Amino acid sequence: MTGSGRFVDDVASPNCLHVAFVRSTVAHGRLASIGTQAAAAAPGVRAVFSGEDVRGLGELPVNPLVDTVRPPPFFVLAQETVYAVGQPIAAVVADTLAAAVAAADLVDVDYGAIEPAAGSDDPACQAPLFSALPDDRAFEIAFVEGDPDAAFAAAAETVSVSVDHPRVAPFTLEPRSIHVVFDSGDPTLTVWLPSQAPQRARRDLATILGIDPARIRVIAPDVGGAFGMKASLYPEDALVAWAALSLRQSVKWTAGRAEELLAATQGRGLSTEAQAALDGDGRITALRTRIRASLGHWMPFSGVVPARNAARILPGPYLVPTVDIAAEGRVTAQAAAGIYRGAGRPEAAALMERLMDVAARKTGLDPVELRRRNLIPQERMPAATPTGEILDSGDYPALLERACAAADYPGLRERQAREREAGNLFGVGVAFYVEPCGVGWETGKVRLEANGRVTAATGSSAQGQGRETVFAQIVADALCLAPDRIDVVYGDTAEVPEATGALASRSTGIGGSAIHQAALEVRDRAHALAARLLQCSPDAIALDQGGFRADGQDDAALDWTALARAVATEHGNPETGPALEANVRFEASGETWAYGCCIASLTIDADTGAARVERIVWVDDAGVVVNPDLAEDQLVGGLAQGLGQALMEEIVYDEDGQLVTGSLMDYALPRADDMPDVVLDRMETPALTNPLGAKGIGEAGCIGAPAAILNAALDALAPLGVRHLDLPLTSGRIWHAMNDARNEDRKR
């Protein structure tokens, strides 16, 4: 912690104005009037904008991942109607933040008629939230393979489960922020934005504003966490950029913590249920699943992703020939739901792993044995799934055995028997998962500077993952240089005009491969140039830590600095002349799939219902790992977020659509002393879709840990007859489940 970070809120520009938003205090109602006169007359106020002022702005593009997507309208500021508590209604622009906040309190909003709050989730609401969506469905997804009805009719056993995932807040260290720098002498609008996808933000902002993307430069400096929340533009971003153009002055806004809980995108929020058919040997023959996503009142760019991922990932790592999987997303009078670390992967894993445990109990098999019988065998890899995905590489049975050995699974079961005999509640939970790690393309640029240093520019922006270290390693390895000779540049559309961004655990495998290939191009061209300059055959040139050297000639050598200066001199400027450069657009040949297994041990206090995760043993296969230390950090960080989701985190709205969990007094986050003992191990099965052999790792902890913890809790409570728990596993929720089970037992 050196204090040398530079975040968007640290950026200063002359005469910058500040924005404060007036937000809806009701969940659904008509805007009768908005009184802005008093606010406009307040000291230091430059302008007050309402929905009528921005009516002509364009829509935010939504990723059309499914043909059926019908996004609700995108409002920069509310117009005739408000659709959720926290929706921006008006914006006050003033000389100082204090003046803007004070004037925002003077805006008088008359809501007129108040409608039922929860949109299609509320039986009392007869009309849809948006007239453009007659039944509030924004998309539907379906996968059918085989004859599910026949498979279920022929089943020896059938089991069913449901898992509801509450909404959670992607709690980043740095809130959302935007600083738009306007210079009347420069046609380019410079937008400082903590974005995971600066190039897409540039394109989408241009679409909304109706201007040429060439007029916009987006810079993402240090970003204090993103987790998917900073992957899309927001209404506030569009308003600030439009205000800068309209007022011809720089404008800035940084969200407060309460605003983030109220109006930033939220994660999870999927309701899932499934049934499985099994044959007499405990093998699953068919899967039927229904997934419902609560979308909120507007759709960010990747709004379809969580439900689509949950649907397409099923049946996960298991060999299931027949499926009937359906998913839908409905708009609701809530904050928008977007991608959040894992984005559908945790929901698919939790549903499938609950099915496996319930099936094990029904068939009398040990939970690990049931998984053994159903995992895709190594000889079937690459394996096609019934939803059309290709699991590229891996050895699932071997990883399961490795996890069981690391956890001493037989010893855990022996301990459980002793604990139960003593009247204690101790559970063991197993969760196997697969993790799709991005598909598509990324850009990379490697340049040898005149001073002998190397600049590596990547389209994969960073939000604290240590990407600079990893990419410097990749380039350094290719060029036989020390990593401290590599300067990694990212997050600036002027440096990398076209890119995809940091999403879906794709950056090392896809972005790293682009940088890798660019570095190899620079190396090969440098090799040819060194041969020419040393006046010998390229076959006689070798590259080592000292540079390029002619075989058998100790005095015939060129280090990178000498080579760079020679090239620059040839081009006429030995100080700043052009050096070697390679630009690469790498496209993966397909999606790569990481996988792993978590085994959690957990105790529950029989009097209070408090759950304590004692230990998680975890084996993950992320392909070839470039930097083991950073990989471990990613795993543990994801596990901390998965632990929070499993045990305590939950966004709650009341019956009027008011946010109940609007502060850290009401919304619980895990602390250091909540973390269990974590034992990590890994396998390395190279990916088949990129030259590095790397798979993703950033989301794994959010995928495997919650499912293992949920299974462990229900395993601990099995002697009491508790068969279902909703997330999160708070002490109150567990206590009520135990009490209800005991009361049912007394009735019998």
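**Exercise 1. Which residues do ring pairs link into a cluster with Tyr234?**

Solution. The model is predicted, so local features need pLDDT of at least 70, side-chain atom pairs count only at pLDDT 80 or more, and totals for chains, interfaces and linings use all residues. Residues are numbered from 1 along each chain as its sequence is written, and side-chain values use heavy atoms, with hydrogens and water left out.

Step 1. Apply the ring criterion: rings of Phe, Tyr and Trp (its six-membered ring) pair if their centres lie within 6.5 Å; planes under 30 degrees apart are stacked, over 60 edge-to-face, and the rest tilted.

Step 2. Read off the cluster: ring pairs join Phe74, Tyr234 and Trp298.

Step 3. Look above Tyr234. The charged end of Arg176 sits over the Tyr234 ring, 4.2 Å from its centre. For this, NZ of Lys or CZ of Arg must be within 6 Å of the ring centre and within 35 degrees of the ring normal. Arg288 is placed likewise over the ring of Phe152, 4.4 Å from its centre.

**Exercise 2. Classify the pair formed by Phe49 and Trp242, and locate both residues.**

Solution. Step 1. The whole structure holds nine aromatic pairs. In this one the ring centres are 4.7 Å apart and the planes stand at 75 degrees, so the pair is edge-to-face.

Step 1. Phe49 lies in strand 4 (residues 45–50) and Trp242 in helix 5 (residues 235–247), 193 residues apart, so the pair links distant parts of the chain. Helices (H or I, at least four residues) and strands (E, at least two) are DSSP runs, numbered from the N terminus.

Step 2. Check burial. Phe49 has a relative accessible area of 9% and is buried; Trp242, at 15%, also counts as buried. Buried means under 20% relative accessible area, exposed over 50%, and partly exposed in between (1.4 Å probe, protein chains only).
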